[in-house]
Amino acid sequence: MVPDVLPCYLVCDVSLSMSGHIDEVNAGVREFRGVVHADRRPAAQVRLCVVVFAESPAVVRPLRPALDPAAVIRPRLEPGSDFGSAFTFVRTTIESDVEGLKAQRIPVRRPVLFFVSDGRATDQAWPAALARLTATTSCPEMVAFGVGAVDQRALDRIGTSRVFLGRDGVRLGVALASSVARTALRPEHV
């Protein structure tokens, strides 16, 4: 029997306002990989995709086993944080990935979307794009991680499952591992 797959999407703001926090994000991804490596049971299940965005989004690591080395996330010298385009892009990415896994007859658990930002969107239409993302049949569990001087209200709207704040001493890798572990315990499939 083919094991279930738990897709995890790390969606990271790499705009100018985040440039001082990208090392923390990369350290968190390495720490998450270490946690997954230490417990081989979920290692076969968890797949990680990394999407970055500023004024536009891009995949820097396609959905692959979480044990595979992660691409280094780099800041962009773009002032904008277009949340709406990021949510639209990741919705399409998740739908495509889930369809691809199902076509291979792989059972797919409800995805986790781990959104990392200071929460300072530069577009006004992002709530509508977020609503479209969370209305899909493969709706991810939404977790937000705030770094720096965060816009708490925006992150609370995004992280409907959970919101972590770096200023509270929470490390990104631990928060990501905790979120994935919580979701892995639930038997929800898409």
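Predicted model: local features only at pLDDT ≥ 70, side-chain atom pairs only at ≥ 80, totals over all residues.

Biologist: What is the hand of the crossing where helix 1 passes helix 6?

Modeller: Right-handed. Residues are numbered from 1 along each chain as its sequence is written, and side-chain values use heavy atoms, with hydrogens and water left out.

Biologist: Why are helix 1 and helix 6 called oblique to each other?

Modeller: Helix 1 (residues 22-38) packs on helix 6 at about 45 degrees, and their axes are 7 Å apart. Axes are lines fitted to C-alpha atoms, for helices over the stretch in contact, and angles run from 0 to 180 degrees between N-to-C directions. Under 35 degrees is roughly parallel, over 145 roughly antiparallel, 65 to 115 roughly perpendicular, and the rest oblique. The pair is therefore oblique.

Biologist: Which residues make that contact?

Modeller: Contact means heavy atoms within 4.5 Å. From helix 1 the residues are Val25, Gly28, Val29, Glu31, Phe32 and Val35, and from helix 6 they are Leu172, Gly173, Val174, Leu176, Ala177 and Val180.

Biologist: How do the residues of the contact of helix 1 with helix 6 divide?

Modeller: Nine are nonpolar, two polar and one charged. Ala, Val, Leu, Ile, Met, Phe, Trp, Tyr, Cys and Pro count as nonpolar, Asp, Glu, Lys and Arg as charged, and the others, Gly among them, as polar.

Biologist: What makes helix 3 roughly parallel to helix 4?

Modeller: The angle between helix 3 and helix 4 (residues 126-134) is about 15 degrees, with the axes 7 Å apart. That value makes helix 3 roughly parallel to helix 4. The crossing of helix 3 past helix 4 is left-handed. Among the residues in contact are Phe83, Phe87 and Ile94 of helix 3 and Trp126, Leu130 and Leu133 of helix 4.

Biologist: What makes threonine 136 buried?

Modeller: Buried means under 20% relative accessible area, exposed over 50%, and partly exposed in between (1.4 Å probe, protein chains only). Threonine 136 has 14%, so it is buried. Threonine 136 lies in the loop between helix 4 and strand 5, and it touches Arg91 and Glu95, not counting residues up to four places away in sequence.

Biologist: Why does serine 138 count as buried?

Modeller: Its relative accessibility is 4%, so serine 138 counts as buried. The loop between helix 4 and strand 5 also holds serine 138. Neighbours within four places in sequence aside, serine 138 is in contact with Ile94, Glu95, Val98, Pro111 and Val190.

Biologist: How do you know that both faces of strand 5 are covered?

Modeller: Glu141, Val143 and Phe145 on one side and Met142, Ala144 and Gly146 on the other are all buried. In strand 4, Val112, Phe114 and Val116 point one way and Leu113, Phe115 and Ser117 the other, and all are buried. In a regular strand, side chains alternate between the two faces of the sheet.

Biologist: Which strands are called the edge strands, and in what order do the six strands form the open sheet?

Modeller: Helices (H or I, at least four residues) and strands (E, at least two) are DSSP runs numbered from the N terminus, and two strands pair if DSSP finds at least two bridges between them. The order is 3-2-1-4-5-6, with mixed pairing. Strand 3 (57-65) and strand 6 (162-165) each pair on one side only and are the edge strands. The twist averages 15 degrees from one strand to the next.

Biologist: How many bridges join strand 4 to strand 5?

Modeller: Six, and these strands run parallel. Leucine 113 stands opposite methionine 142 in strand 5. Strand 5 is joined to strand 6 by four bridges, again in parallel, with valine 143 opposite arginine 162. Strand 1 and strand 4 are also parallel, over five bridges, and cysteine 12 has valine 116 as its bridge partner in strand 4.

Note on methods. Left-handed = near helix turned anticlockwise from the far one by under 90°.
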